[in-house]
Every structure is written in structure tokens, then in C-alpha cells.
Amino acid sequence: MALRFSVLASGSSGNASLVEADGFGVLLDAGLGPRLLAARLAAVDRGWADIHAVLLTHTHADHWNDRTLTHLHRLRVPLYCHVDHHRSLRQGSAGFGDLRAAHLVRGYEIGQPLALSPTLTCIPLPLWHDETTCGFRFEASANLLGHPSTLAYAADLGSWQPSLIDALANVDILALEFNHDEFLERSSRRSPALIDRVLGDRGHLSNAQAADLLREVLKRSQPGRPQHLVQLHLSRQCNRPGMAADAARVVLEELQANIAIHTAKQHTVGPSLTLGGGAQGAPRLRPRRGAGKKMAEAPGHFQPLLPGWDRD
């Protein structure tokens, strides 16, 4: 079963990624407006008709957009979020109220499997950030050889606990935050309060912290996994793509691991990676007009938990 992962935007100005399996498309965060998201989707040969659900990591403003939530309501696309997210979304978004009224808001619980489609499931993972925040481990149904395709996504975390290592181990794609270089952060002209927040246990991962986590994940993983490392949420002011990549390469050379490194950007789509299928991934599921209504009326899966406000 082909699994496709495309980063549409990553950074403090807006976050969104596309996860696809067997033609079912899930937006992981929707921190851009609907027109800009349409343009980013077009860059990976997709459109709004290919989006069947939206999954929210947390409620910082760079991870959701009110106009996009209103657009989801028009399209009858369900929004999955944690119950802890409801208060912030109710206060800041008219679109969220419309989604709730239309029974298009679904829940998830940390640590409990969530079936997004018959061939795509995920497990929400607790992350240490300002508010209830989740990462996710996705799994597409096994291929003919019995091997599922897997993706782990963890951005917006200030520290990590040993329990996170196993959750991120033995995946095909590891998408992990490499937010800042600590020296650049400390020597920046940012306010002391913002610097302390970013460097705190519930802020963002530095290159060094992310490299340490990567090392432990590789030690806990089988040879050949992951195949790809995607570096997420780089700070424009306090990091450089080369610095983030170098931090990861030190670990790969130390452990003699052959893994492709991809660094996501804020204003450019990419990477777009496909497992178990062709370069364009699985065929698209184009719902008929009104099909979204059937999806909306289907029973929800779970009720969830999570944290947040954000800058890089």
C-alpha cells in the first residue's frame, strides 16, 4: 500500500503536510489560508478534492487558519483534534463553530489508534510543548509482501522523554523538528522571555537535541530504518539548513546509517516522498458531490488530549 508524505509548509508562518494512502488524503495541520493551500497542493499534483480529513497537532496560530476551517465546513471535510483544543478553537474561530454544528469535528485520544480510513491509521503521541500537542505515527496497510509503510511526525516539542524513542523507532520516514541552533538563539535580538521559552523544556528542539533523539531512535530501530529523515520547523532567524543537516550527518556517520536527509522549508513545497508505490503515489479518491455528507455522518472514532502558542 503506497504511503505518500508531502510537506506543504513548515515554520512559524504556517504548517501543513499531506499524508496519503490508497487515495485517501489527510492534511496534517492547516496553518495556511485555503487559496495558498490550494497552490501548495497543486505543486504536488493534488487539490482540495483530494483532502478527506484534517488532523490538528495543536492550536498555536501557525497550525490552523480560520478561513481554512470555514472552507472545510463548505467542503464537508472533518477536522480531527483533541478535546483540549476545543476551547482555544471556539474562542478564536467562527469556522470551528460551524464545523461543530455540522458534526464535522472528530476526536482522538493520545496513545489510542485512530482509523482515518480503511487503509490508514495513526497513533497520537504526546509531545512536550506549551499546550496539549501531539505527534503522530502513521501506518498504511501492508503491501503484498506483508510490510506496512510507516511515518512518524514530531514537531513543536521542547524536550523528549525515553517513551518517545520507541514511538518513533522502526518507521520508514521520520519527520522531526530541528528548530534552532542554541548559540544563534541565545545571541539573537529576541526578547529574553522568547529565548527562554524556545530553549525551555516545552519550547522547541535545538539541532543538538534533535540529533540526540535521532541517535537514540536509530539505536532502537532495525537496519535500514528509517529510509528518510525530514527536518521540520527550522527557525528562519536562529538556524540554517546546512547547520541542521550537519547535526544529523554527524549522527549518521557515527552509526554508519545510510539515510536520506531532507530539510523542509516555509515557502517552498517539499520534500514529497512515496513509499511502496510510484513517484506520484496511489490513485486519488475523488468523492462525488455530497459524499462529504456521508463522511460527516459516520460515527467519530475517539475523544482526544493536547497544548499551545507559537513562534520559532
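1. Leu229 stands opposite Ile261 in strand β13. Strands β12 (residues 228-232) and β13 (residues 260-263) run parallel and are joined by four bridges; strands pair if DSSP finds at least two bridges between them. Helices (H or I, at least four residues) and strands (E, at least two) are DSSP runs, numbered from the N terminus.

2. This is a predicted model, in which local features need pLDDT of at least 70 and side-chain atom pairs count only at pLDDT 80 or more, while totals for chains, interfaces and linings use all residues. Residues are numbered from 1 along each chain as its sequence is written, and side-chain values use heavy atoms, with hydrogens and water left out.

3. Together with helix α9 (residues 241-255), β12 and β13 form a right-handed β-α-β unit. Right-handed means that, with the strands pointing away from the viewer, the path from the first strand over the helix to the second runs clockwise.

4. The loop between β12 and α9 holds His233, which has a positive phi of about 55° although it is not a glycine. His233 is buried, at 0% relative accessibility; buried means under 20% relative accessible area, with a 1.4 Å probe and protein chains only.

5. Asp156 is also not a glycine, yet has a positive phi of about 60°. Asp156 lies in the loop between β10 (149-154) and α5 and is buried, with a relative accessible area of 1%.

6. Two cis peptide bonds should be noted. One joins Arg225 and Pro226, with omega about -5°; Pro226 is in the loop between α8 and β12. The other runs from Gly270 to Pro271, with omega near 0°.

How values were computed
Buried means under 20% relative accessible area, exposed over 50%, partly exposed in between (1.4 Å probe, protein chains only).
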